[in-house]
Structures are given as structure tokens and as C-alpha cells.
Amino acid sequence: MSEKRNRVSRRQFLNYTLTGVGGFMAAGMLMPMVRFALDPVLRPAAGQDVVPTDVKIADLTDEPKRVDFKIKQIDAWYESEEVKSAWVYKQGDEIVALSPICKHLGCTVNWNADPAHKNRFFCPCHYGAYEKDGTNVQGTPAPSPLDRYVHKEKDGYLYLGKAKPQS
């Protein structure tokens, strides 16, 4: 029996060694970059349920009033406060809090701002119109109703949360 030895030549050894060392160096450089890119995605969302406004529930009427409030926003590692708005009014005993963002292209709607659309929300960008309850007026560009904010009452003040689409 002849025994054949599989010896590694110097050239193969050098090739294997350089490939291994290069792979470890590449992994050492890429791992921090991958971690940096994926860390914000893997972090648990630190969301707020509802935030306080300076509006007293007793001061609300059946006429929509613009209410500004601040939410804490976390964008990757940057924390900031973002000012948001809502149109808030009372409909009987129920509080209605509507988003001022038009569902057509994201412009801001205003209450009773156009003489041709009295007692309606009106979007000046493309002449979109919404009824007082936020439903879109047929024949205008708005494809769906305005979003409604989640709201709570606490100590006589209004608290607002996230805007959710109306069904």
C-alpha cells in the first residue's frame, strides 16, 4: 500500500492564511457598522399613550377649536419634541378630536376658512372639503375621512394620543 500524503504547499498555506486574516479584519470592521445601522430598528419603541394639553374640557364648545400639543419623538438616537395640532369640539357629551392633515396630499385643513364651504373643514391645496365630523365631501379630492385622535379626560383637562383612521 502506498500512502499518499496530502501536503499543503507554501503557496496554499499563504493563500489560506491571508484569506482567514482578511476575513477576520473585514468582520471586525463591518460588525460595528451593522450594529450602528440595526440598533434603532431593534430598540423597543418608547411610545407615549396620551399627552396633556392646556385645554379644559369645560371650555370646549360645539365649534371646532385648534389645539396644539407636544409629543416626545425619538428618531434613532435623537430625542426631540414635535408640536402637533388637533381640531377639538364637543358633539353632545362626546369629545371629537380630528387631525388637521388632509388625506389627499397631507396639507393642513382649516375650519370655516372658505366662504364657499361654510361650517366645513377646507383644504386650500386642492380644494378638499370635510364635514364637521371629519367625513370627506364627495366630489372633492379627499379619498377618506380625517383621522381621529385618541383622547382622555384627566383632572378636567384634555389628553390626546395617536391619530387613528376613521372607518
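This is a predicted model: local features need pLDDT of at least 70, side-chain atom pairs count only at pLDDT 80 or more; totals for chains, interfaces and linings use all residues.

Local features need pLDDT of at least 70 and side-chain atom pairs count only at pLDDT 80 or more, while totals for chains, interfaces and linings use all residues.

**Stop 1**

Select Asp155. At 69% relative accessibility, Asp155 is exposed. Asp155 sits in the loop between β8 (148-154) and β9 (157-164). Strands here are DSSP runs of E with at least two residues, helices are runs of H or I with at least four, and both are numbered from the N terminus. Now check the backbone: Asp155 has a positive phi, near 55°, and is a residue other than glycine.

**Stop 2: helix α1**

Select residues 10-42, which form helix α1. The helix has 33 residues. From first C-alpha to last, α1 reaches 46 Å, close to the 48 Å expected at 1.5 Å a residue. The expected span is 1.5 Å times one less than the number of residues.

Where does α1 bend? Go to Phe36: the bend there is about 30°. Pro40, a proline, follows within four residues. The bend is the angle between axes fitted to the seven residues ending at a position and the seven starting there.

Pick Gln12 next. Gln12 lies in α1 and is partly exposed, at 37% relative accessible area.

**Stop 3: a nonpolar patch**

Select Met29, Leu30, Met33, Val34, Leu38, Val41 and Leu42. Together they make a nonpolar surface patch of about 740 Å². Patches take residues with over 30% relative accessible area and no salt bridge; nonpolar side chains (Val, Leu, Ile, Met, Phe, Trp, Tyr) are joined within 5 Å, like charges within 9 Å. Areas come from the Shrake-Rupley method with a 1.4 Å probe. Click on Val34, a residue of α1. Val34 is partly exposed, at 41% relative accessibility.

**Stop 4: the three-stranded sheet**

Move to β5, β6 and β7. They form an open sheet in the order β5-β6-β7, with antiparallel pairing. β5 (110-111) and β7 (128-130) are the edge strands, each with a single partner, so one side of each has no neighbour in the sheet. Two strands pair if DSSP finds at least two bridges between them. Strand β6 (residues 121-123) is joined to β7 by three bridges.

Which residue of β7 stands opposite Phe122? Select Ala129 to see it.

Then step to Tyr127, in the loop between β6 and β7. Tyr127 is exposed, at 59% relative accessible area. Its phi is positive, about 60°, although Tyr127 is not a glycine.

**Stop 5: salt bridges**

How many salt bridges are there? The count is six, where a salt bridge is a side-chain nitrogen of Lys or Arg within 4 Å of a carboxyl oxygen of Asp or Glu. Visit three of these pairs.

- Asp49 and Lys152: the side chains meet at 3.2 Å, N to O. Asp49 is in the loop between α1 and β1 and Lys152 in strand β8, so the pair ties together parts 103 residues apart in sequence. Asp49 is exposed, at 54%, and Lys152 is partly exposed, at 42%.
- Lys103 and Asp147: the N to O distance is 2.9 Å. Lys103 is in the loop between β4 (94-98) and β5, and Asp147 in the loop between β7 and β8, 44 residues apart. Lys103 is partly exposed, at 29%, whereas Asp147 is buried, at 14%.
- Glu131 and Arg120: the closest N and O atoms are 3.1 Å apart. Glu131 lies in the loop between β7 and β8 and Arg120 in the loop between β5 and β6, so the pair ties together parts 11 residues apart in sequence.

**Stop 6: two long distances**

Draw a line between the C-alpha atoms of Gln12 and Asp147. They are separated by 67 Å, and the residues are 135 apart along the chain.

Finish at Arg43, in the loop between α1 and β1 (51-56). Arg43 is partly exposed, at 40% relative accessible area.

Key. Residues are numbered from 1 along each chain as its sequence is written. Side-chain values use heavy atoms; hydrogens and water are left out. Buried means under 20% relative accessible area, exposed over 50%, partly exposed in between (1.4 Å probe, protein chains only).
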